[in-house]
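Have a look at the sequence and the structure first.

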Amino acid sequence: MESLTLPKLSFLHFYALEATLALTFFFCITSPSLAARLEPQAKGSDTDFVKTSCKVTMYPDICYQSLSAYASTIQTSPRELANTALSVTLNSAQSTSTLVLKLSKEHGLTRGEAAAIADCVETMSDSVDELQRSMAEMKDLKGPEFQMKMSNIQTWVSAALTNEDTCMDGIEAKAVNGRMKDSIRSSIARVAHLTSNALAFINRLSY
C-alpha cells in the first residue's frame, strides 16, 4: 500500500502547488498594489499631455525638456501646467540674474561693458520680481476676482519677458567681449523662451 500511496500524495501535492501558484498570480494582477507597478504607464500618459501642450508654444523643444520631469505633478491639469512652467521660469531667471550680477563684478570691464551689464542686472532683477509676483497670484487663482488676477499675471509675465529682451538688446548693442556676451546671451535666451512658453499656458487659462 505504501508504494501506491506515495505517488498519489506526490501528485496531490503537485496539483495543490500548481493551484496555489495560479491563485497567487490571479490575486497579484487584481490587487491594488498593481497601481504602483503601472505608475510608469500613468506617467507616460502625463508626459503625453505635456508634449501635446508644448506644441502650442513658440519653443516646444525647450518646453518639453523643461517640464517633462514634472509630468506626474502636472498630470492633465492646465492650471498645474501653467503654474509649473512659471515656477521653472522663475528658477531660471533667478539663476541668470545671479550670473549677470557676478559678471558685473569682474575686473577689467570696459566702460561700455560695465554699463551694459549693469543695465542687465537691473532689468533681470525686475524680471525676477515680476515672476515672483505672478507666482504669488497663481496660488490663489479662484473666486470672483479670477479675471482680475489673470490680468495681473499676464501683465507681469509680459513685463518680465520685455525686461529679458531689453537685457539681451543691451548686451548685443554694446561692445561686450565675446566670451561674456555668449554666456549672458545663452542664459537670457533660455529664460526668455521659458517665459514665452509660460505666458502661452497662462493665456490659455483665461479662455
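This is a predicted model: local features need pLDDT of at least 70, side-chain atom pairs count only at pLDDT 80 or more; totals for chains, interfaces and linings use all residues.

Residues are numbered from 1 along each chain as its sequence is written, and side-chain values use heavy atoms, with hydrogens and water left out.

**Fold**
- The protein chain has nine helices and zero strands, where helices are DSSP runs of H or I with at least four residues and strands are E runs of at least two, numbered from the N terminus.
- Among contacts (heavy atoms within 4.5 Å) between residues at least 6 apart in sequence, 73% join residues at least 24 apart.

**Surface**
- Of the 207 residues, 36% count as buried, that is, under 20% relative accessible area with a 1.4 Å probe, protein chains only.
- The chain exposes about 12300 Å² (Shrake-Rupley method, 1.4 Å probe), and carbon and sulfur atoms supply 59% of it.

**Cavity**
- One cavity of 30 Å³ or more is counted; a cavity is a set of points on a 1 Å grid over the protein atoms alone where a 1.4 Å probe fits but cannot get out.
- The largest cavity has a volume of about 40 Å³, taken as the space filled by probe spheres set on the points, which are joined across faces, edges and corners.
- Its lining residues (an atom within 4 Å of a point) include C63, A85, L194 and F201.
- Helices α4 (60-67), α6 (78-104) and α9 (178-205) each give two or more residues to this lining, and α9 supplies the largest share, four residues.

Conventions. On a 1 Å grid over the protein atoms alone, a cavity is a set of points where a 1.4 Å probe fits but cannot get out, and a pocket is an open set with protein on both sides within 12 Å along at least five of seven lines; lining residues have an atom within 4 Å of a point. Buried means under 20% relative accessible area, exposed over 50%, partly exposed in between (1.4 Å probe, protein chains only).
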